[in-house]
Amino acid sequence: MEHRSIKQTAVIGAGSWGTALAKLLADKVADKGEQVLLWSHRAEHVDAMRRDRENRKYLPGAALPGNLHAVKTFDDLSSCQCVVMVVPSHGFREVFRQLIPRLRDGTYLVSAVKGIEIETRQTMCEVMQEELTRQNRADTMFIGVLSGPSFADEVATGQPTAVTVGFSDSRAAKTIQHLFSTSFFRVYTSSDTIGLEISAAIKNVIAIAAGISDGLGYGLNTRAALITRGLAEITRLGIALGADPLTFSGLGGMGDLVLTCTGSLSRNRTVGLKLGEGRTLQQALAEMTMVAEGVRTTKSCYNLAAAVGVEMPILEQTYQILYEDKPCRAAVQDLFGRSLKEE
C-alpha cells in the first residue's frame with residue numbers, strides 16, 4: 001500500500017518532547033528545503049528559541065536546525081499537511097479547539113501526548129474526534145497517536161529509538177511511519193489507537209509508583225513486581241475499552257513502561273522518588289521545571305477504572321498517596337495485604 005508524501009509539518013507544544021520531535025522532522029528534510037513549524041503558547045519562549053536557536057528551557061544543548069521555525073500563532077498552519085499535538089492533556093482541548101479553523105482538509109493529526117483528560121476521561125484522540133465533530137470537520141481529518149519508549153533528550157541526540165504510530169486507517173499509519181522514520185528513529189504501525197493511548201497514559205502512573213518504591217529504599221525485586229503487575233492492570237483496563245491485548249506486550253506497552261519506571265530521565269519516576277523520600281506532592285512538583293503527566297493522569301485513570309469497573313490496586317494506592325495524603329509505606333502494606341489469588 002502506498003503512502004502519501006507530506007511536505008510541511010507543525011508541532012504544537014514546545015516542551016522537551018515537542019522540540020525533540022520537531023528537531024527530528026526538521027533534520028530529516030533540511031536538505032529538501034522543507035520547513036517544520038514549532039508552536040509555543042508563550043511569546044517570550046518563541047522569541048528566546050528564535051534568538052538562541054535552542055530551547056534552553058526544556059531541551060538545552062540541542063541546536064535547532066535552520067529550517068525549524070518557532071511560531072507564536074496558528075496563522076501559518078493552513079499549509080501544513082500534518083500537525084503533531086504535544087500539549088499537556090489538561091490544556092489539550094482548548095488549544096486544539098482554537099487550531100481547528102486553521103486546518104486544511106485531509107490533515108494528519110498525531111497525538112504525542114501521554115495522558116487522559118480528567119473531566120471527560122477521554123484519550124487525546126477521542127478529544128480531537130469530539131472537537132472536530134462539533135465543528136463539522138470529523139470526516140475531513142486523519143487522527144492517530146505516536147507512542148513508545150522515547151526520552152526526548154535521547155531522541156534529540158540521535159540515540160537509536162523505536163516507537164509505534166497508531167491509526168485506524170492503515171494508509172494514514174504508513175504515511176506517518178514514513179514521515180518520522182530516520183536512520184536512528186524506527187517507527188512501527190498499529191491500528192490499535194486506544195491500546196496505545198491507554199498504555200501511554202497509565203505507564204506514567206506506574207512509574208510514579210516505581211519511583212516511590214525506589215525512594216523508600218526498596219530494591220529491584222519490588223520494582224520488577226510493580227512493573228509486571230502494573231502491566232497487568234494496564235492490560236485489564238485496555239481490554240475493557242476494546243484494545244488489542246497484543247498491544248501491551250509491544251513498544252507502546254511493555255517497552256514504554258519499562259523505560260519510564262527505570263530511566264533516570266523519567267519525570268514521573270522522579271516525582272515518585274521525591275514522594276518516597278518524604279516530600280509532599282506540592283514540594284516534589286515545585287522542584288521540577290517540566291510537567292509530570294502521571295500526576296493528573298492518576299486522577300483521570302482512577303475515575304476511568306471506576307467507571308468501567310476494572311480493579312487496579314497499584315493505581316488505587318498511587319491515587320491515595322497523591323490525593324488523599326496516604327503514607328507511602330502504608331500503601332505498600334495494603335498492596336501486600338490483599339487476599340491471595342492466581343496470577
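Seven helices, α1, α3 (89-99), α5 (152-156), α7 (193-215), α9 (251-262), α10 (267-276) and α12 (293-308), each give at least two residues to the lining of the largest pocket. Welcome to this predicted model, in which local features need pLDDT of at least 70 and side-chain atom pairs count only at pLDDT 80 or more, while totals for chains, interfaces and linings use all residues. Residues are numbered from 1 along each chain as its sequence is written, and side-chain values use heavy atoms, with hydrogens and water left out. Helices (H or I, at least four residues) and strands (E, at least two) are DSSP runs, numbered from the N terminus.

**The largest pocket**

- A pocket here is an open set of points on a 1 Å grid over the protein atoms alone, where a 1.4 Å probe fits and protein lies on both sides within 12 Å along at least five of seven lines. Lining residues have an atom within 4 Å of a point.
- The volume of the largest pocket is about 1200 Å³; a volume is the space filled by probe spheres set on the points, with grid points joined across faces, edges and corners.
- Its lining has 47 residues, and those nearest the centre are Ser 16, Arg 267, Met 290, Val 291 and Ala 292.
- By type, the lining of the largest pocket splits into 20 nonpolar, 18 polar and nine charged residues. Ala, Val, Leu, Ile, Met, Phe, Trp, Tyr, Cys and Pro count as nonpolar, Asp, Glu, Lys and Arg as charged, and the others, Gly among them, as polar.
- The largest pocket lies between domain 1 (8-191) and domain 2 (195-337), because both give residues to its lining. These domain bounds come from an automatic or database domain assignment.

**The second largest pocket**

- The second largest pocket has a volume of about 690 Å³.
- Of the 28 residues that line the second largest pocket, Arg 229, Ile 314, Leu 335, Phe 336 and Arg 338 lie nearest its centre.
- Helices α7, α8 (220-240), α13 (313-323) and α14 (328-336) each supply at least two residues of this lining, and α8 gives the largest share, with six residues.
- The lining of the second largest pocket holds 15 nonpolar, five polar and eight charged residues.

**Strand β1 and its partners**

- Along strand β1 (residues 9-12), Thr 9 and Val 11 point one way while Ala 10 and Ile 12 point the other, and all are buried. Buried means under 20% relative accessible area, exposed over 50%, and partly exposed in between, with a 1.4 Å probe and protein chains only.
- Strand β2 (residues 36-39) runs parallel to β1, and four bridges join them; strands pair if DSSP finds at least two bridges between them. Opposite Thr 9 stands Val 36 in β2.
- Strand β6 (residues 82-85) also runs parallel to β1 and is joined to it by four bridges. Here Ile 12 stands opposite Met 85.
- Together, β1, helix α1 (residues 16-29) and β2 make a right-handed β-α-β unit. Right-handed means that, with the strands pointing away from the viewer, the path from the first strand over the helix to the second runs clockwise.

**The β3-β4 hairpin**

- Strands β3 and β4 form a hairpin with three residues between them. They run antiparallel and are joined by two bridges, and Asn 55 has Leu 59 in β4 as its bridge partner.
- Pro 60 is found in strand β4 (residues 59-63) and is exposed, with a relative accessible area of 57%.
- From Pro 60 to Asp 192, 132 residues apart along the chain, the C-alpha separation is 34 Å.

**Helices α10 and α12**

- Helix α10 is largely enclosed by the rest of the structure, because seven of its 10 residues are buried. The buried residues are Asn 268, Arg 269, Val 271, Gly 272, Lys 274, Leu 275 and Gly 276.
- Arg 296 lies in helix α12 and is partly exposed at 37% relative accessible area.
- Arg 296 and Ser 89 are 207 residues apart in sequence, and their C-alpha atoms are 8.6 Å apart in space.

**Positive phi angles**

- Most residues other than glycine have a negative phi.
- Arg 53 is not a glycine, yet has a positive phi of about 50°. It sits in the loop between α2 (43-52) and β3 (54-55) and is partly exposed at 28% relative accessibility.
- Asp 325, also not a glycine, has a positive phi of about 55°. This residue is in the loop between α13 and α14 and counts as exposed at 68% relative accessibility.
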